[in-house]
Each structure stands twice: as structure tokens, then as C-alpha cells.
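Biologist: I am new to this structure and would like to understand how its descriptions are reached. Could you take me through them with care?

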Amino acid sequence: MLETATIIEDYGRRFVVQTDNGLLLEANTRKKRTDFVCGDRVHIQQINNHQAVIEDYLPRQSLLFRQDEKRTKLLAANVTQVFVVTAILPEPNLDLIQRTLLSTIAANIPTSLIINKMDLAEKQILEIENFYTQQLKIPVIKTVAINNDITDLREKMQGHCNILVGQSGVGKSQLSNAILGEQKAKTGDISLNEKGKHTTTFSKLYQIDEHTSFIDTPGMQSFGLNHLSIDDILYYFPDMQHLIGKCRFHNCRHLQEPDCAIKNAVQNNEISTERLLFLQKIIQEKI
Ligand SMILES: Nc1nc2c(ncn2[C@@H]2O[C@H](COP(=O)(O)OP(=O)(O)O)[C@@H](O)[C@H]2O)c(=O)[nH]1
Ligand SMILES: [Mg+2]
Ligand SMILES: [Zn+2]
């Protein structure tokens, strides 16, 4: 008999599912299928008290993934809100952040940015924050995870299935612990990497209340955007959208073409040079 469950731990090929009756089961797939991901609602066949086989997934409300030449990497299913986590340290990887934003906008999922480790903040943070809010046009939340200073985040998460994504070391797991409080992420959630540092190696979904949950993810270093079409790319730049169709050539790539509305806007200081360079880099990857 088939049962319905949710994937709450995702190790790539192995999973933990929680049935709608609250039972936790280790789960494998048939024929080594890898098209399942944390957050998926699935049909399972229970084998015994501990184990199940995942048969299929139910229609997804959303799907976050990245894609390079070699493969597609699913990040999460059914999330309704994304938090891209950055920190004062390690230094923010703006390329990774902007790529992540392109994909969440393309997936039509509301996205905010968390600047964590504000206890370490010095003046330069204002400049970075301005870039996020003025150029990327994205809401910013500041947190100090180690002091449980996460009130704004907790409020904003309410009623959503949230996901925390970002570079390794920015404090995603620390934020998870702050959100969970007493419940705490179990220590088995982390393992030692080669450098002897604790690092999350799999995705895990935590239920906060009946309507609110979040997924903690392993750190990522790159974000392939093969799945985004060059013709649509400007739609995913909130600071440039209004210029769609305004270039002299309808197929303008905003590189060497004359009378390019995007480059003109940069000249007029309406769009930042960093953003133009980022756009051109993404386009060049696609030609
Ligand atoms: N100073 C400071 N350190 C933090 C804060 N949040 C996390 N850290 C530290 O940053 C390191 C990485 O945190 P972790 O949650 O494992 O990052 P993750 O890789 O994104 O999950 C740990 O040593 C944390 O103690 C914070 O708000 N302030
Ligand atoms: Mg982690
Ligand atoms: Zn142009």
C-alpha cells in the first residue's frame, strides 16, 4: 500500500522521509533515481518499521535547482521563500549571490538576503547593504546567529516553507539552531571535512510549527545557470527589467552594440557597473 510522506533529509541517493502519520523512515529510490529532493512530497512503499522505498513525487509547488554543462543539481522542492545567507566573514561572494538570485527570481520564489555575524560588522557593511537593496532590489535582514538575534528573520519566515542557501561558513546551521531553540539541530547533522571544520553535508527540513518550516542546506561554491535562456535573462535582473526592448537592436546582447539601453543607463549612473559586468559575464557564458 502506498503512503504519502515528505522528504526531510536528503543525502543525494539516500533519504529520510516523514510519513503524514509522523513516522520517520530511511528511504531509497528504485533504479537509483536521483530526481527527488528535500521538501518533496512523495509516495512511498513501507518495507518495515525503519525502511521505505520512494516510488514517485507529487506535483511540486516550486523547484529550485542549479545546472552546469554536466548535470542538474536539485536544491529543494516546494519552498515558498528563499533566504540567501551572507556574512561579514567569510567575505561575501557577490557572483554566487547574484547567480542564486537569478535562479530564485526565475523560479518565481520570493527571496531575501540575510547578513549574518553583524557582531563583526564595521563600516564597509553599509556599502554592501546598499548594493543589495539599491542594485539587487532585495530585502535585507541582519542577524547575529550566535546571540540568537534573529527576531526579524523569525517573523519573516512565518507561514512559509523557507530555505537557507549560501556559501559555507556564513552561519546557516547556526541560524538553524537559533530558530529551533530548545529543539536544536541534532549534532549528527554535521561532519568534519578535510580541514577539520564542522560542515553540513546534506539538506534537512525542520518543522517550526504547523505552517512554518525551513531547510538547512550544505554550503555551495558555484551556481550553474545553464537552465536560464539568454533571451529571458533581463527579466531576472530587477534593476534592468524596465529597459527590456529599449536597446536599438532587438537581439542586443549588451556587449559591443551601439545604443544599448543598459549601457546607457550605466553611463547615467542608474545601474551599477558591477551589475553590467555581471550581466555581460552571464551572457558570455551562454554564447
Ligand atoms: N561572530 C559570529 N560568528 C558566527 C555567527 N553565526 C555563526 N558564526 C560562526 O561561523 C561559523 C560557521 O557557522 P555555520 O553555521 O556552521 O555555517 P554554515 O556553513 O553556513 O552552516 C561557526 O564557527 C559559527 O560559530 C554570528 O552571528 N557571529
Ligand atoms: Mg551548515
Ligand atoms: Zn543592450
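Modeller: Let me begin with a term: two residues are in contact if their C-beta atoms, placed from the backbone, lie within 7 Å. In the chain, residues 24 or more positions apart account for 60% of the contacts with a separation of 6 or more. This is a predicted model, in which local features need pLDDT of at least 70 and side-chain atom pairs count only at pLDDT 80 or more, while totals for chains, interfaces and linings use all residues. Residues are numbered from 1 along each chain as its sequence is written, and chains are lettered from A and ligands numbered from 1 in the order in which they are written.

Biologist: Why is the chain called as compact as a globular protein of its length?

Modeller: The chain, which has six helices and 15 strands (DSSP runs of H or I with at least four residues, and of E with at least two, numbered from the N terminus), has a radius of gyration of 20 Å, close to the 19 Å that the globule rule gives for 287 residues, so the chain is as compact as a globular protein of that length. The radius is taken over C-alpha atoms, and the rule is 2.2 Å times the number of residues to the power 0.38.

Biologist: What makes residues count as surrounding ligand 1, and which are the closest?

Modeller: A residue is near a molecule if its C-beta atom, placed from the backbone, lies within 6 Å of it; 18 residues surround ligand 1, the closest being Ala-145, Gly-171, Lys-172, Ser-173 and Gln-174. Helix 4 (172-180) and strand 13 (198-200) each supply at least two residues of this shell.
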